[in-house]
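Hi everyone, thanks for coming. Have a look at it first.

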Protein chains: 2
Amino acid sequence: MRITEMHITPIALGDPPLLNAAGLHAPYCLRTVVELRTSDGLSGLAEVPGSVAVDQALAAVREVVIGADPRNWHALRARLAERCAPETSVARGDKPWDGRTRVQVYSALDVACLDLQGKAYGVRVADLLGGVVRERVPYSAYLFYKYEGAGGELGFGTDPRATGWAAARQRAALDPDGIVAQAEAMVAEFGFQSIKLKGGCFEPAQEVAAIHALRRRFGPGVPLRLDPNALWTVETSIRWGRDMEGVLEYLEDPCRTQAGMAEVRRMLKTPLATNMCTTSFDDLPGSVRLGSEDIILTDHHFWGGLRASMELAAHCRTFARGVSMHSNNHAGISLAAMTHLGAAMPNLSYALDTHYPWQWEEIIVGGRIRFEEGAVVLPAGPGLGVELDRSALARAHAAYLRAGLTERNDEIEMQKKVPGWKFAATRW
Amino acid sequence: MRITEMHITPIALGDPPLLNAAGLHAPYCLRTVVELRTSDGLSGLAEVPGSVAVDQALAAVREVVIGADPRNWHALRARLAERCAPETSVARGDKPWDGRTRVQVYSALDVACLDLQGKAYGVRVADLLGGVVRERVPYSAYLFYKYEGAGGELGFGTDPRATGWAAARQRAALDPDGIVAQAEAMVAEFGFQSIKLKGGCFEPAQEVAAIHALRRRFGPGVPLRLDPNALWTVETSIRWGRDMEGVLEYLEDPCRTQAGMAEVRRMLKTPLATNMCTTSFDDLPGSVRLGSEDIILTDHHFWGGLRASMELAAHCRTFARGVSMHSNNHAGISLAAMTHLGAAMPNLSYALDTHYPWQWEEIIVGGRIRFEEGAVVLPAGPGLGVELDRSALARAHAAYLRAGLTERNDEIEMQKKVPGWKFAATRW
């Protein structure tokens, strides 16, 4: 079996005006869909965060992908490594999100090749990762402070005909009451049984008040998490971490660097999670030496694929770290891949993050993937178990061309609302 | 696909009177062959070190193996873990070889299930481990001090008609000259391009003299290794390690414990390898904290299978350890499994150990696996690419019944030659 075609399709999906440490989500989020086709007529899919940089990096490896055997990941990965420059220029953690392109190239090819293998062998991707531990993979509600508006073709407008979660998704949430209302609507729609709040938007007192308001509303049976995206100092992290002791399931990346996290960790009982201070295998020796976190949030897009994320899970088992999953905006191919990974990971210790409720478009046959009691039922396969809806993909690609965006830049988007707003690596 | 039958067959293969830290090899080495059969008529094979304890442990999990899906290792492993007691009573390193049964049960089922998967999907086991990095897997010559004699049905006698390596294999090797002659014959027969000497038999001066004699005979182009099996003190290890600086590719387990190894490592430039101080995932945090070795020698029989050994390789990459492979006496099913693992391991950094030249019987169709320039060409598959020779298996099982051995006990065997001989954990 040989790869004969590689298609790289940038797409844009509507996204509401969500606030975060980096600024404001644009009306569109960008993704790139990779499709591999083989000599025996199979199609393998993957999806990665979209940017011109990633698209160019993917295009640059096309000549080593064409002709490769999708069953031999080690051989393909070695050739990709020769073609993709090491990312010495991007110090992860300095940027508000992960801009490393090499790991995203690995991820796209790893996932698409696993999809091909699963289809060739008649099994699910989770089977190829060692076997299914759980058929239902739990996700958490992912709350955002937001401005009023829907995003996408509607820009920052709203659709007055919307009902239920579709209506709630358009409403502003700029204080604890707004966050609680958002949580109620999201939990009612998807059945989530744990809740994460994206912080780093307002001063800590306000965000901590939102956590306490969620606790009062949902009670101790619903685990809560707060992610200030490393915008707090060590002192602020300890001060407000103490305020939330016994309330949070975990506190995610309150501050920057492994050393900073380790200092906070020594002073709090609440577990610390990260997808910013320990983000690659190269970071693991430092994590072990310093004891910088309790839980590592993998993301197969940034750890180099599903197999690499399984290797991370093995490291977490060895070094007594919990493991769960980070997310950016994504469509159904990524949700399927995340679900196969969550299904196969023996030591998955927390419900996974997903932005999925914030989108409404889809590029896969059958449309939006459904949640049952907060969980996604593992697709039946073979492979990832999802197929491209080619006309939906064409629409999303047309939206990409119309949107004219070349990368995610939440700072510029924020400046449209708050002139002169600047990203700060540490704010409080 | 479901497992419908599980066959556990203890066998004995002839083995010469090889000396080692634990005493003397008996005229037979014991192995246990596991065969799984599935509802669709496939047969999956594995081989583990033989003992009544391992056979009983395998028999005790039969009821969770029957009915299991061989494609779901995570599910089967979780059920095996419930049935196999944790091995709190065996402190690895205190015994001269690895007697833990749980990891051997895992290994047998992991390998046999991968063999089944490969056959079901029409691919090699190495493909299922992530892909083939090398089609030819290099092994090293494994030299032993030995008494004269052949082993097996011949007992400690010799066959005067033997020629070449078969003749050399019968000869005594009790000093440096004998070791050099053994190396010459083994290298001539198999084409090995690196050489390991099993030490821990004579006082260090004699074994170090043998290493220097090998160096003089083969030159600096043939890497040399010495394995005193942890019988030296820290002081002895440093003293004789210094004597061999620049001569050894690595020094394997000169002394006991991670702390001892770390102390020796600080004082020597020669890399240290281990299969005695870091032998499980539970040992890895201590290895990282203390810096106890440069190279970890995996052995899929003792690390819990081929997939677990790939996880170990990932840890070795993360923590800048080299990785290679330990061996005990084995037959062709194990050699095939070791070769698939060696073929798939991206960061394999040294030629693998194998006892294979010391045996002459085989239980697989086609008989003895051939070496080309010291390497085994990866079997073409599917699965492991080997099939049982059922009459040869029956003969080896009959030999097991005649031999009357229930476990490996080199101390008793040594006492037949040297009355009153006692194993000592530290000797020099």
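Let's start with L109(A). Skipping neighbours within four places in sequence, L109(A) touches M6(A), L36(A), L58(A), V65(A), W73(A), L76(A) and L80(A), where contact means heavy atoms within 4.5 Å. L109(A) and L109(B) have the most contacts inside the largest nonpolar core, a set of 256 residues. By nonpolar core I mean buried Ala, Val, Leu, Ile, Met, Phe, Trp, Tyr and Cys residues joined through side-chain atoms within 4.5 Å. Buried is under 20% relative accessible area, exposed is over 50%, and partly exposed is in between, with a 1.4 Å probe and protein chains only.

Quick housekeeping. This is a predicted model, with local features needing pLDDT of at least 70 and side-chain atom pairs counting only at pLDDT 80 or more, while totals for chains, interfaces and linings use all residues. Residues are numbered from 1 along each chain as its sequence is written, chains are lettered from A and ligands numbered from 1 in the order in which they are written, and side-chain values use heavy atoms, leaving out hydrogens and water.

So, how do the two chains relate?

Now the rings. Over all chains there are 26 aromatic pairs; Phe, Tyr and Trp rings (the six-membered one for Trp) pair if their centres lie within 6.5 Å, and planes under 30 degrees apart are stacked, over 60 edge-to-face, the rest tilted. Y121(A) and Y121(B) make a stacked pair, 4.6 Å centre to centre with 10 degrees between the planes. Each tyrosine sits in helix 4 (residues 102-121) of its own chain, so the pair joins two chains. Helices (H or I, at least four residues) and strands (E, at least two) are DSSP runs, numbered from the N terminus. Both Y121(A) and Y121(B) are buried.

N72(A) itself is buried, at 13% relative accessible area.
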